[in-house]
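Hello,

Here is the structure we spoke of handing over. My notes on it follow below.

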Amino acid sequence: MVLTMEKIQDTFDPKPRKFIVWLFVVSSTIMFGGFTSYYLVFAASKGKGHGLVLPDAFIYSSLVIIASSITLVLASKAMRKLNFSLQRNMLWLTVILAVAFGVMQFSAWSSMVKTGATLVGNNAAISFIYVVSGLHLLHIIGGVGLIINALAGSYKNISPAKSNYRMEIASIFWHFIDILWIYLYVFLLLNR
């Protein structure tokens, strides 16, 4: 029996691919959980935390990443209502907010350096801030790639199943990194 390309496309099953994304989410959660556990043990052994007043850019970037999750939810709702123009606009806005988040992270790092809190120095707790926020920024870059993939799918004439799959994958990953950043920021605030 010979399968035509049409039948192969009709048998698109997103479940295995979603499972891989969920594995990545779980492994990233374990990785960041390990980093924060290490920080707690390190700070307890030294009897102090990082001792910094975190830059205001971290607060603003937190608000921006929350706003980006809202725009992504609005894009998903627009897609379900077949309002592809609104979906595209919300996806573009999500990408713009993600770039703004990245710029704010660099701004926060710059203000930390100006106060003498450098990546390589005599305080490993301060280095921890750079490491976890930098690794989170790498996750942001990956999330932007998934959002751009969903955006490209909204412009192409692809099957609704594939378009929905692209939006779901982008949403799963983006909301994860949003929650992850809120966790990291609150963790850093509480462990000064």
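Subject matter: helix packing and aromatic contacts

The crossing of H3 and H6 is left-handed. Please keep in mind that this is a predicted model. Helix H3 covers residues 56-80 and helix H6 covers residues 160-190; their axes come within 10 Å and cross at roughly 160°. Angles over 145 degrees count as roughly antiparallel, so H3 is roughly antiparallel to H6. In the contact of H3 with H6, the residues divide into 15 nonpolar, 9 polar and 1 charged.

Next, the aromatic side chains. The structure holds 12 aromatic pairs. One of them joins phenylalanine 106 and tryptophan 109: the ring centres are 4.9 Å apart and the planes stand at 80°, so this pair is edge-to-face. The cut-off for that class is an angle over 60 degrees. Both residues belong to helix H4 (residues 84-114), where a spacing of 3 residues separates phenylalanine 106 from tryptophan 109 by about one helical turn.

Phenylalanine 106 has a relative accessible area of 51% and is exposed, whereas tryptophan 109, at 14% relative accessibility, counts as buried.

Elsewhere, Tyr39, Phe128, Tyr183 and Phe187 make up one aromatic cluster.

There is also a contact between a charge and a ring. The charged end of arginine 88 sits over the ring of tyrosine 155, at 4.6 Å from the ring centre.

Regards

Conventions:
Residues numbered from 1 in each chain as written. Predicted model: local features only at pLDDT ≥ 70, side-chain atom pairs only at ≥ 80, totals over all residues. Heavy atoms only, no water. Axes fitted to C-alpha atoms, helices over the stretch in contact; angles between N-to-C directions. Helix = DSSP H or I, 4+ residues; strand = E, 2+ residues; numbered from the N terminus. Parallel < 35°, antiparallel > 145°, perpendicular 65-115°, else oblique. Left-handed = near helix turned anticlockwise from the far one by under 90°. Nonpolar A, V, L, I, M, F, W, Y, C, P; charged D, E, K, R; others polar. Phe/Tyr/Trp six-rings, centres within 6.5 Å; stacked < 30°, edge-to-face > 60°. Buried < 20%, exposed > 50% of the residue type's maximum accessible area, 1.4 Å probe, protein only. Lys NZ or Arg CZ within 6 Å of the ring centre and 35° of its normal.
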